[in-house]
Amino acid sequence: PEHQVLAPPERHWRMAACALLPLGVAAAPAFLALGDLPLCAFKHLTGVDCPLCGGIRTCAALAQGDFYAAWQTNPGLLPLLALAALHSGLLAGEAITGHRWVSPRSLSHAWMGAGAIVLASWIWRLVVPA
């Protein structure tokens with residue numbers, strides 16, 4: 001049920017979860033300052049970018065307001081990050097009001113769609129190198 005009342009523990013985890021996206025985006029420039037650390041185990045082991053490769057650079061570019069650089073780094077991540085921002089706002093609203101606003105099923109469909117975009121973008125980057 002979409003408008004069910006949320007128990008206090010559920011409200012607390014929703015509020016904590018909605019803070020993760022802004023913290024992750026804000027921390028991205030600090031990760032980049034660490035130098036050439038192998039941040040992606042998949043790429044380190046295979047030499048091939050994974051679907052999320054460039055995510056830290058994408059978040060760092062977005063934190064600096066550079067949408068073009070974020071697009072150049074990994075365009076498939078932008079819809080995923082937009083959905084994460086929307087979901088964070090939704091979690092915050094639910095935590096504040098104490099009521100569920102959206103059904104979990106519709107959210108899972110949105111996340112599957114965003115994941116499909118990330119995978120399609122990854123396949124495109126593998127097939128059509130820059």
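Hi everyone. Let's start with a crossing: helix 2 and helix 4 cross in a left-handed way. Before going on, please keep in mind that this is a predicted model.

So which residues make that contact? From helix 2 come V25, A28, P29, F31 and L32, and from helix 4 come I56, R57, C59, A60 and A63. Sorted by kind, the residues where helix 2 meets helix 4 are nine nonpolar, no polar and one charged. As for the geometry, the axes of helix 2 and helix 4 lie 7 Å apart, and the packing angle is about 115 degrees.

Let's stay with helix 4 for a moment. Helix 4 covers residues 55–63, and its buried residues are G55, T58, C59, A60 and A61. What do the buried residues of helix 4 pack against? They have three partners, namely helix 2 (20–32), helix 5 (67–73) and helix 6. If you follow the chain past helix 4, you come to G65, which has a positive phi, near 80 degrees.

Now on to the next pair, helix 6 and helix 7. Helix 6 runs over residues 77–97, and helix 7 over residues 104–127. The axes of these two come within 8 Å of each other and cross at roughly 160 degrees. Why do helix 6 and helix 7 count as roughly antiparallel? Angles over 145 degrees are put in that class, and so helix 6 and helix 7 are roughly antiparallel to each other. The crossing of helix 6 and helix 7 is left-handed.

On the helix 6 side, the contact uses L77, P79, L80, L83, A84, H87 and L90; on the helix 7 side, it uses L107, A110, W111, A114, G115, I117 and V118. The residues of this contact of helix 6 with helix 7 come out as twelve nonpolar, two polar and no charged.

Is A110 buried or partly exposed? A110 is partly exposed, because its relative accessibility is 33%. Along the sequence A110 and L83 are separated by 27 residues, yet their C-alpha atoms are 7.7 Å apart in space.

S88 sits in helix 6, and S88 counts as buried because its relative accessible area is 11%. What does S88 touch, once neighbours within four places in sequence are left aside? The residues in contact with S88 are C18 and L21.

Further on in helix 6 is E94. E94 is a buried residue too, because its relative accessibility is 2%, and the cut-off for buried is under 20%. Setting aside residues up to four places away in sequence, E94 touches L6, R11, R14, H99, R100, W101 and V102.

My last stop is helix 1, which spans residues 8–18 and includes H12. Is H12 buried or exposed? H12 is exposed, because its relative accessibility is 56%. In sequence H12 and L91 are 79 residues apart, while in space the distance is 9.9 Å, C-alpha to C-alpha.

Helix 2 and helix 4 pack at about 115 degrees, while helix 6 and helix 7 cross at roughly 160 degrees.

Definitions and conventions:
Residues numbered from 1 in each chain as written. Predicted model: local features only at pLDDT ≥ 70, side-chain atom pairs only at ≥ 80, totals over all residues. Heavy atoms only, no water. Helix = DSSP H or I, 4+ residues; strand = E, 2+ residues; numbered from the N terminus. Buried < 20%, exposed > 50% of the residue type's maximum accessible area, 1.4 Å probe, protein only. Contact = heavy atoms within 4.5 Å. Axes fitted to C-alpha atoms, helices over the stretch in contact; angles between N-to-C directions. Left-handed = near helix turned anticlockwise from the far one by under 90°. Nonpolar A, V, L, I, M, F, W, Y, C, P; charged D, E, K, R; others polar. Parallel < 35°, antiparallel > 145°, perpendicular 65-115°, else oblique.
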